[in-house]
Structures are given as structure tokens and as C-alpha cells.
Amino acid sequence: MNKNVLLVEDDEQMKSFICEYLEDYDFNCTSFHDPKEALKEFEKNSLNFDIVILDLMLPNMDGFDLFKKLKKIRDIPVIISSARGDIGNKIHGFELGIDDYLAKPYEPRELVLRINSILKKSHSSKIKINEFIIDKLNYEVSLNNYPIEFTKIEFDIFIFLIENLNKVSSREQILHATSLDENTKNRTIDMHISNIRYKIGDDPKESKYIKSVWGIGYKFVG
């Protein structure tokens, strides 16, 4: 399966070159010149990306500031790709938690090799969203390192909401993501959502995670 790269690069020529090169190695590359637009995309579709390639000298926002905002949304591998190759910036980046730092100019093949190396290390069925760690392979969810005991149906619903982070999902869409019979009434979905909320300590009156959207369904807020 092709891996998905989010590239944030202010140089249009460099941006196009990197994306084209990565696509030659079977990566899907989504690129942005504007860090604010990149942040909007990541807020909506953070789970669609496997790694971020991030320039530091960006318009309207420093790359390190964008890095911190991305990490608040999701713990995703990040490689800094920047002409700021001094040791001070490198140390600052690694102290913040970046995964690698490539000082321009560099050979694009090296970028590919470093991406593959990082993805091999980080490849796992586990994803981290907010205070949750989800292991899809083993059907496990923990909140602040405490395991949550979901039924199979609850787990399927929880994963569906997570994978559609910050998007409103109708009860019908949620139903189709489970093994429940298609004739299941909406009230059954509401009951499962209620059970999930109870198990994660999410008060429906002041919901932190699963928001009700009246007349439509639910969304998980990250």
C-alpha cells in the first residue's frame, strides 16, 4: 500500500520536485506552500497521512510552530527539510521531538531512504489521538494508559469515528461501519454511543470527545 506524505514547502519549484520524486517511489504526496492551509488539511484528515516533510522558512508561520500544532493534533513522524542547517536549529528540532533533519541541499534519494527508515520503525497498528492509544490489530484502546474494555461493536464504532476525525457521521454511516444488521434502528446506535461515552468518561452534556450533532449523528473531536 502506498504511503501518504504531507509536504509543507514554501519554494514552489522545490515542492513540485520533491513530490514528483516521491511519487516515482510510490508515495502519495499532498503538498502545501501555505502552512495555514496545510494545518487545515491536517486538522480534517490527519489519519490519512503517514509522515510529514516540513520546511522551516514558511510564510506567516515558522516551521517549528507548525510542527508543534501538528503534533497536538496527532503524533505523526516529521522530517525537517530546511536550508537552516546550523547545529542550533537541529538541536532545537530534536529537542522538540522531530524524527529527522535534512539540511538543504541534499540528494532526494536520501530523503526517500530516511522516510522508509522512519516508517519501518514507526509502522504499527497503533495510533495516538488526544489521550487515546488505539491498537486496531489487537482491538485495544487505552485512555491515559488505562485500558478501555469495548465490545466488538463499540470498538468498530469508535474506530469509525476516529478515522473520520472532526467530521460529522450520520447514524446510517456508523451502522454500515459495523456488523450490525442493516435494519437496526437508530436508537441502537445511540445506545452504543452512550456505552462508549460512559466507558471513556465523556459526559454527553459537556462532551470532550464525541459530540452529538442534532438531527444528523455524531463526530469525534480531536
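Modeller: Start with the term disulfide: a pair of cysteine sulfur atoms within 2.5 Å. Keep in mind that this is a predicted model.

Biologist: How do you know that C19 and C29 form a disulfide?

Modeller: Their sulfur atoms are 2.0 Å apart. The cut-off is 2.5 Å, so the pair qualifies. A search of the whole structure finds one disulfide.

Biologist: What makes this disulfide left-handed?

Modeller: The torsion about the S-S bond of C19 and C29 is about -70 degrees, so the disulfide is left-handed.

Biologist: Which parts of the chain does the pair link?

Modeller: Distant ones: C19 sits in helix 1 and C29 in strand 2, residues 27-32. The two cysteines are 10 residues apart.

Biologist: Is C19 buried or exposed? And C29, buried or exposed?

Modeller: Buried means under 20% relative accessible area. C19 has 6%, so C19 is buried. C29 has 14%, so C29 counts as buried too.

Biologist: Turn to helix 1. How do you know that its span agrees with its number of residues?

Modeller: Helix 1 covers residues 12-24, which is 13 residues. The expected span is 1.5 Å times one less than the number of residues. That gives 18 Å, and the end C-alpha atoms are 18 Å apart, so the two agree.

Biologist: Which residues of helix 1 are buried?

Modeller: K15, I18, C19, Y21 and L22. They cover an arc of only 165 degrees around the axis, which puts them on the same side of helix 1. On the other side, Q13, E20 and D24 are exposed.

Biologist: What is found at the start of helix 1?

Modeller: A side-chain oxygen of D11 reaches to within 3.0 Å of the backbone nitrogen of Q13. A polar contact needs N or O atoms within 3.5 Å, so this distance meets the cut-off.

Biologist: What is the phi of N166?

Modeller: About 65 degrees, a positive value, although N166 is not a glycine. N166 is found in the loop between helix 6 (152-163) and strand 10 (169-170).

Biologist: Why is N166 called partly exposed?

Modeller: Buried is under 20% and exposed is over 50%. N166 has a relative accessible area of 28%, so N166 falls in between.

Biologist: Why is D55 called buried?

Modeller: D55 has a relative accessible area of 2%. The limit is 20%, so D55 is buried. D55 is found in the loop between strand 3 (51-54) and helix 3 (63-73).

Biologist: Which residues touch the most other members of the largest nonpolar core?

Modeller: F132, I134, F158, L161, I200, I210 and F220, out of 27 residues. Helix 6 gives the most to this core, with eight residues. Take I200: residues up to four places away in sequence aside, I200 touches F132, L143, I148, F150, Y209 and I210. A second, separate core has 22 residues, including F32, A38, L39 and I76.

Biologist: And the chain as a whole: how many helices and strands?

Modeller: Eight helices and 12 strands. Along its principal axes the C-alpha trace spans about 60 × 30 × 30 Å. Of the 222 residues, 45% count as buried. Among contacts with a separation of 6 or more, residues 24 or more positions apart account for 58%.

Technical notes
Residues numbered from 1 in each chain as written. Predicted model: local features only at pLDDT ≥ 70, side-chain atom pairs only at ≥ 80, totals over all residues. Heavy atoms only, no water. Helix = DSSP H or I, 4+ residues; strand = E, 2+ residues; numbered from the N terminus. Buried < 20%, exposed > 50% of the residue type's maximum accessible area, 1.4 Å probe, protein only. Arc of directions from axis to C-beta. Polar contact = N/O pair within 3.5 Å; in protein donor to acceptor, adjacent residues only side chain to side chain. Core = buried A, V, L, I, M, F, W, Y, C linked by side-chain atoms within 4.5 Å. Contact = heavy atoms within 4.5 Å.
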